[in-house]
Amino acid sequence: MFTLAEVASLSDIQPTYRILKPWWDVFMDYLAVVMLMVAIFAGTMQLTKDQVVCLPVLQSTVNSRVQPDTAGKADFTTVETTTGQEEASMRTVSFAPTVTPDILLSRATSSQYPPTESDQELKKEQKDSSGRKTNLDFQQYVFINQMCYHLALPWYSKYFPYLVLIHTIILIVSSNFWFKYPKTCSKIEHFVSILGKCFESPWTTKALSETACEDSEENKQRLTGAQSLPKYVSTSSDEGSPSASTPMITKSGFKFSADKPMIEIPSVTILDKKDGEQAKALFEKVRKFRAHVEDSDLIYKLYVGQTVIKTVKFIFILCYTANFVNTISFEHICNPKVEHLIGYTQFECTHNMAYMLKKLLISYISLICVYGFICLYTLFWLFRIPLKEYSFEKVREESSFSDIPDVKNDFAFLLHMVDQYDQLYSKRFGVFLSEVSENKLRGISLNHEWTYEKLRQHVSRNAQDKQELHLFMLSGVPDAVFDLTDLDVLKLELIPEAKITAKISQMTNLQELHLYHCPAKVEQTAFSFLRDHLRCLHVKFTDVAEIPAWVYLLKTLRELYLIGNLNSENNKMIGLESLRELRHLKILHVKSNLTKIPPNITDVAPHLTKLVIHNDGTKLVVLNSLKKMTNVAELELQNCELERIPHAIFSLSNLQELDLKSNSIRTIEEIISFQHLKRLTCLKLWHNKIVSIPSSITHIKNLESLYLSNNKLETLPAAVFSLQKLRCLDVSYNSIAVIPVEIGLLQNLQHFHITGNKVDILPKQLFKCVKLRTLSLGQNCITSIPDKVSQLLQLTYLELKGNCLDRLPATLGQCQLLRKSGLVVEDHLFDTLPSEVKEVLNQDTGIPFANGI
């Protein structure tokens with residue numbers, strides 16, 4: 001019996017070389033175990049059940065066909081081809097009750113002498129018995145079965161399990177020979193132990209840094225100063241433990257193992273004497289191991305040799321097995337040459353293990369074929385890839401370790417094998433080959449904390465379905481950021497030492513950059529790239545002085561978002577010369593506390609098509625500068641404390657969309673002046689204090705969308721329903737009590753929102769708007785829904801929740817595009833519908849819902 005301690009030690013020994021086991025070796029080990037099980041199973045079956053059962057071929061039956069005898073010899077007159085059932089009956093007959101020696105003697109001599117009187121009497125006594133007489137007793141059958149087992153049965157049927165066992169043992173030995181060979185096992189053991197120590201050391205980065213400076217007091221002071229700088233930790237990285245892409249060099253606060261890295265709060269301390277000595281010993285051990293292993297390629301040759309042996313073994317097994325697979329048969333003819341003892345020259349035998357052995361052999365051949373293909377793939381990998389040299393070029397590019405040398409021969413081969421298990425091992429091990437200097441400690445720590453893999457995990461998809469990366473409160477910009485070549489949006493927030501290097505030119509997809517309280521410095525090459533490729537820039541600041549100077553020189557910039565304090569004093573800092581170079585600027589978004597629109601914005605942006613000002617509640621007084629922005633098509637003045645519609649807007653002849661959300665507008669009598677804005681199609685006056693709509697609104701003939709929600713309207717004038725092009729009307733959250741019957745005139749209306757009012761009756765004319773797709777009637781006083789709702793065949797969204805309804809019309813089922821997901825109503829009202837209507841509404845058509853807002 002094994003003790004628990006012994007079992008535990010075995011479990012510790014087994015995974016020692018797991019990092020040098022590529023997937024094909026692991027898979028071949030499993031195949032070898034299965035083949036071993038096949039051999040053991042077949043051998044066990046042979047030892048317990050293997051035998052043959054034989055019956056004689058009666059020679060007299062041939063003569064009886066030519067000379068039919070009397071009825072007394074009817075048992076010997078015919079011989080048919082032996083079937084499975086007849087063989088079974090013959091086996092039954094062969095074990096019939098035994099006879100006396102006298103009878104046996106008479107049976108043995110029956111072919112030489114004519115039947116006597118006693119024979120005839122015996123036949124008369126046994127005339128009622130059935131079967132075919134063979135004149136053999138049980139002992140003779142046992143004798144002939146044993147003899148024919150060795151004569152008639154092919155040797156492959158008898159020794160197949162032992163051959164499989166031998167072959168499998170040879171394959172298992174070949175797979176692990178390079179681990180056990182005296183001249184290689186010590187090197188491999190040393191390599192694995194060093195690798196384990198590298199991963200188990202929580203102070204790896206600092207130990208290597210102190211070793212590189214050779215105990216210099218000056219360098220120790222520099223190290224102390226570098227480590228005492230404030231650290232910025234990303235809040236996004238604190239939301240979970242890092243993945244397998246844990247950096248190669250980590251700070252002393254990081255604790256990780258080879259299997260599952262973990263991260264803790266970094267503690268910035270100087271290495272003590274003991275830690276320094278341990279680091280030096282580990283560094284020396286790596287250096288000596290490299291010198292000892294790199295001068296030969298014995299491990300590589302040994303691995304190639306054992307792979308060739310396994311391949312040759314596979315070919316040999318496949319060739320001879322294919323020839324003998326058909327020799328394992330259920331039926332065999334045996335000629336034992338013991339006619340003088342038995343009286344018969346030929347026997348038909350059945351091998352009872354033939355079926356099972358043949359199935360096991362086919363399984364074995366299948367396993368061998370899979371094993372062989374894996375061997376061929378291994379040979380392809382060995383000779384296709386240059387395994388005698390290992391380059392850390394990728395590590396040097398990703399980690400700024402410019403002095404990691406390439407390794408050769410056995411050292412290179414071992415690292416290639418490690419890569420098949422996990423490339424992270426060789427990357428971390430490569431750090432120990434580099435002479436890390438102290439003045440790069442901070443940058444190295446940042447770059448290895450934020451590796452390409454870790455940054456890739458923080459990449460997400462934004463609302464525009466673009467790949468976005470947000471870095472928050474770091475000590476700098478990791479170099480690996482610039483390797484995310486498919487990144488569309490880069491956000492840098494609270495990074496005081498941000499520096500954009502020339503590597504940003506690799507990010508060919510980057511078109512949007514966010515700088516939130518981040519006065520980033522840009523190299524000349526990086527600036528040239530940004531100037532030619534950047535299309536959208538977001539700058540968030542506390543003071544205008546924080547805006548980097550290079551921002552005003554981005555010639556190809558299309559969109560500029562400025563978020564920060566732009567009061568009257570700081571406005572002077574944005575002079576004409578500042579924005580003059582932004583010749584392709586189309587969209588300008590300013591979120592600030594302006595009291596007037598800076599005139600230089602309109603002067604230097606003649607091509608501006610969209611201007612958005614979110615003023616955070618500060619009253620915008622002077623708007624005369626808007627008159628010069630003749631090309632503006634979209635204008636948003638939100639939260640600017642406007643009391644009337646500014647007259648300057650009436651000069652914007654190209655204006656298509658006007659949004660005056662969240663102001664203090666009470667009257668819109670100036671709306672008559674909008675008749676000069678021939679291109680105006682969308683007017684948003686929501687979240688204001690508007691009491692009434694003037695009849696002059698009829699002059700805006702091209703209006704397609706009108707948003708008047710969250711105001712103080714009590715009625716809807718008939719003038720609104722004269723706008724024949726109106727497609728969207730939103731008057732939600734007002735005090736409207738009646739929907740005018742003139743609403744039926746809006747034949748192009750597609751979206752009508754009147755949620756949160758005091759409507760109690762729906763006019764039948766509403767259902768003449770047959771193009772309605774969205775109808776929001778929630779939170780009103782409606783008591784019934786007319787059956788004519790069935791006329792809205794294009795309706796996809798219907799909101800009725802919060803009314804005084806007691807039932808729903810059954811005609812809702814005739815709204816072909818309406819489904820339950822687009823029907824917002826209480827559950828008990830939905831249950832009042834007939835079952836067939838429910839079934840129609842529960843159908844899934846996959847039509848996307850659009851509410852028109």
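Visitor: In β3, which residue is the bridge partner of cysteine 54?

Guide: Cysteine 349 is that partner. The model is a predicted one.

Visitor: What makes β1 and β3 a pair of strands?

Guide: Pairing takes at least two bridges between two strands. Five bridges join β1 to β3, residues 347–351, so the two count as paired. They run antiparallel.

Visitor: In what order do the three strands of this sheet stand?

Guide: The order is β1-β3-β2, in an open sheet with antiparallel pairing. From one strand to the next, the twist averages 30 degrees.

Visitor: Why are β1 and β2 said to stand at the edges?

Guide: β1 (52–56) and β2 (331–334) each have a single partner strand, so one side of each lacks a neighbour in the sheet.

Visitor: Which residues does the "transmembrane region" annotation cover?

Guide: The unreviewed UniProt entry gives residues 27–47, 159–179 and 361–383. In the model, residues 27–47 are 100% helix, with the end C-alpha atoms 30 Å apart. Residues 159–179 are also 100% helix, and there the end C-alpha atoms are 31 Å apart.

Visitor: Why is the pair of tryptophan 23 and tyrosine 377 called tilted?

Guide: Rings pair when their centres lie within 6.5 Å, and these centres are 5.4 Å apart. Planes under 30 degrees apart would be stacked and over 60 edge-to-face; here the angle is 45 degrees, so the pair is tilted.

Visitor: What does the pair of tryptophan 23 and tyrosine 377 tie together?

Guide: Tryptophan 23 lies in helix α2 (residues 23–49) and tyrosine 377 in helix α15 (residues 354–384), so the pair ties together parts 354 residues apart in sequence. Trp23 and Tyr377 also belong to one aromatic cluster with Trp24 and Trp381.

Visitor: Why does tryptophan 23 count as partly exposed?

Guide: Buried means under 20% relative accessible area and exposed means over 50%. Tryptophan 23 has 46%, so it falls in between. Tyrosine 377, with 35%, is partly exposed as well.

Visitor: What makes the pair of phenylalanine 650 and phenylalanine 674 edge-to-face?

Guide: The planes are at 75 degrees, and over 60 counts as edge-to-face, so the name applies. The centres are 5.2 Å apart. Both residues are buried.

Visitor: How do you know that lysine 661 sits over the ring of tryptophan 686?

Guide: The charge has to be within 6 Å of the ring centre and within 35 degrees of the ring normal. Lysine 661 lies over the face of tryptophan 686 at 5.1 Å from the ring centre, so the distance is within the cut-off. Lysine 684 lies over the face of tyrosine 707, at 5.3 Å.

Key:
Residues numbered from 1 in each chain as written. Predicted model: local features only at pLDDT ≥ 70, side-chain atom pairs only at ≥ 80, totals over all residues. Heavy atoms only, no water. Helix = DSSP H or I, 4+ residues; strand = E, 2+ residues; numbered from the N terminus. Axes fitted to C-alpha atoms, helices over the stretch in contact; angles between N-to-C directions. UniProt positions renumbered as here; feature names shortened; annotations may be inferred. Phe/Tyr/Trp six-rings, centres within 6.5 Å; stacked < 30°, edge-to-face > 60°. Buried < 20%, exposed > 50% of the residue type's maximum accessible area, 1.4 Å probe, protein only.
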